[in-house]
Amino acid sequence: MSEQADPLYRRERLFIGGEWLPSSAPGSIAVISPFTEELVGQAPRTAFVDVDAAVGAARRALTDSPWASWDVESRAAALDRLADALERRAADTARLVTAENGMPISVSGAVEGPGPARTLRYFAQLARTVPQEERRPAASGSGTTVVRREPVGVVAVVVPWNFPQSLTMFKVAAALAAGCTVVVKPAPETVLDAFQLADAAQEAGLPGGVVNIVTGGADIGAHLVGHPGVDKVAFTGSTEAGRAIGEVCGRLLRPVTLELGGKSAAIVLDDADLATAVRGLAWACLLNSGQTCYTSSRILAPRGRYTAVVEAIADLAGSMRIGDPADPATRVGPLVSARQRDRVESYIAAGRADGARVVTGGGRPADFERGWFVEPTVLADLDNSATVAREEIFGPVLAVIPYDDLDQAVAIANDSPYGLAGTVWTSDEDKGLEIARRMRTGTVGVNYYNLDLGAPFGGVKASGLGRELGPEGLSAYVEYKSVYLRK
Ligand code: NAD
């Protein structure tokens with residue numbers, strides 16, 4: 001079936017209160033292929049009144065639906081059914097994401113297709129093991145305190161386009177496991193794949209209003225975030241939008257989790273085996289054509305091995321196959337939009353203006369007449385004060401920076417407005433762990449970088465507030481209540 005004839009690519013209605021409702025807004029959101037620059041699909045726009053209806057449905061589901069009275073096991077079983085329903089759709093979901101944002105299918109097929117079901121199963125299991133109530137002897141003397149974990153309420157989930165499925169489910173799975181209800185607003189660039197969750201929620205028999213989907217851009221997102229019927233906001237996106245959302249939530253005293261940008265460092269130690277490190281760096285630095293928040297886009301190399309590291313990284317970047325993101329052999333696809341390509345190109349120009357040497361890449365690949373491609377680009381002979389070393393580029397551009405000793409390497413890594421992730425490359429894992437302990441960042445990988453669903457993920461400084469995943473990620477959707485008993 002051609003994309004245009006496939007109903008997954010032509011959504012006509014919004015999913016609110018368990019029903020497919022017509023939108024109150026005229027027109028539709030057009031999704032344009034980053035590869036062909038042609039229309040791949042469309043979805044309805046959302047009006048503010050539709051957001052109000054979605055929040056209302058989520059509120060009712062919280063108090064007046066079977067969801068409100070289900071015990072933990074019933075809820076966990078529903079999450080497992082939702083996981084099954086999403087798993088049945090995984091191949092379609094991966095294809096949708098690739099069509100929308102240009103993610104190589106080798107990545108979307110491994111991450112975006114099967115990932116949401118894995119996350120749901122993890123949180124379903126976690127919910128079964130975390131007690132809803134604990135009785136504690138009062139620390140102050142006689143009496144007992146019952147500590148209850150109650151759902152925080154209606155959660156506004158606002159997500160970006162780069163890993164739309166994974167980032168949505170990091171929030172939705174934890175929120176549902178805690179007993180919350182959600183209103184999800186995907187990015188307009190990846191609005192289509194969000195409806196997979198609606199289809200799956202229906203198939204899994206989730207009560208109406210537990211999951212609601214609204215569409216649109218920053219204005220709809222802002223209306224949702226500040227809505228009086230919302231109890232908590234979970235956001236992933238740019239630091240700029242995160243600050244705006246944080247300000248609103250601060251004024252409203254509304255709990256908020258912010259997963260924002262990054263400018264992470266890969267520290268290559270003197271003893272690193274370069275062949276191994278470079279293979280790992282391909283994943284850690286250029287995943288999804290560099291449009292990954294935790295990418296290690298600053299590579300710190302010991303001065304004595306600087307030339308060898310620059311050459312090895314440049315060889316790797318220069319050899320990555322660029323092309324049709326739907327081709328399983330493609331390693332680098334187009335960037336999500338013409339705007340994103342312009343932004344990345346302006347950073348390469350800024351690197352040149354700061355005196356950086358372009359070792360490989362630096363422009364658009366010659367073989368494509370269409371598609372928002374930028375070649376994987378390695379910039380050398382620059383220091384950590386260069387614009388390309390300080391600001392998030394969100395594209396396939398790496399800066400290789402020399403260091404003289406380990407203290408300096410750690411200082412450079414920490415000299416950033418951001419603190420989301422990082423990696424250390426060494427033949428001595430203990431030494432790697434020692435360096436990781438000194439890095440001021442939310443996550444660090446030693447000789448690889450792999451998100452663990454069972455461990456907290458998030459950033460410090462301008463990379464955000466709060467954590468997702470792991471038991472800590474579940475706590476973010478819980479309000480604690482203490483009930484003091486005399487006996
Ligand atoms: P963006 O911040 O422009 O948009 C993200 C989402 O927020 C979209 O759905 C958008 O419509 C909405 N939005 C924008 N402004 C809003 C506002 N004021 N109020 C409410 N909603 C608003 O980000 P983007 O360009 O789509 O995504 C790229 C950014 O996301 C990068 O900076 C990247 O680092 C970051 N990111 C962070 C993580 C993480 O976990 N830390 C993961 C992926 C992406």
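This is a predicted model: local features need pLDDT of at least 70, side-chain atom pairs count only at pLDDT 80 or more; totals for chains, interfaces and linings use all residues.
## Domains and their interface

The domain assignment of the chain gives two parts: domain 1, which covers 14-260 + 463-485, and domain 2, which covers 264-452. Taken over C-alpha atoms, the centres of domain 1 and domain 2 are separated by 31 Å.

Where the domains meet, 26 residues of domain 1 are in contact with 31 residues of domain 2. The size of an interface is often given as the accessible area lost when the parts come together. For domain 1 and domain 2 the area buried between them is about 2,300 Å², and 63% of it lies on carbon and sulfur atoms. Of the area that domain 1 buries against domain 2, 26% is supplied by F35, W161 and S463, which is more than any other three residues supply.

## Helix α8 and its partner α3

Helix α3 (residues 72-88) and helix α8 (residues 191-203) have axes that come within 8 Å and cross at roughly 130 degrees. The two helices, α3 and α8, are therefore oblique to each other, and α3 passes α8 in a right-handed crossing.

On the α3 side the contact involves L82, A85, L86 and R88, which meet Q196, L197, A200, A201 and E203 in α8. Sorted by class, the residues of the contact of α3 with α8 are six nonpolar, one polar and two charged.

## Helix α8 and its partner α7

Helix α8 also packs with helix α7 (residues 164-177), at an angle of about 40 degrees and with the axes of the two helices 10 Å apart. That angle makes α7 oblique to α8, and the crossing of α7 and α8 is right-handed.

The residues P164, Q165, T168, M169 and V172 in α7 meet D193, A194, Q196 and L197 in α8. Divided by class, the contact of α7 with α8 has five nonpolar, three polar and one charged residues. Among the α8 residues in this contact are Q196 and L197, which also take part in the contact of α8 with α3.

## Helices α15 and α16

A further pair is formed by helix α15 (residues 406-414) and helix α16 (residues 429-438), which pack at an angle of about 45 degrees with their axes 10 Å apart. That arrangement makes α15 oblique to α16, and α15 passes α16 in a right-handed crossing.

In this pair, L406, D407, V410 and N414 in α15 meet K431, I435 and R438 in α16. The residues of the contact of α15 with α16 comprise three nonpolar, one polar and three charged.

Key. Residues are numbered from 1 along each chain as its sequence is written. Side-chain values use heavy atoms; hydrogens and water are left out. Axes are lines fitted to C-alpha atoms, for helices over the stretch in contact, and angles run from 0 to 180 degrees between N-to-C directions. Helices (H or I, at least four residues) and strands (E, at least two) are DSSP runs, numbered from the N terminus. Angles under 35 degrees count as roughly parallel, over 145 as roughly antiparallel, 65 to 115 as roughly perpendicular and the rest as oblique. A crossing is left-handed if the near helix is turned anticlockwise from the far one by less than a right angle, and right-handed if clockwise. Contact means heavy atoms within 4.5 Å. Ala, Val, Leu, Ile, Met, Phe, Trp, Tyr, Cys and Pro count as nonpolar, Asp, Glu, Lys and Arg as charged, and the others, Gly among them, as polar. Domain bounds come from an automatic or database domain assignment. Buried area is the accessible area (1.4 Å probe) that two parts lose on being put together, summed over both.
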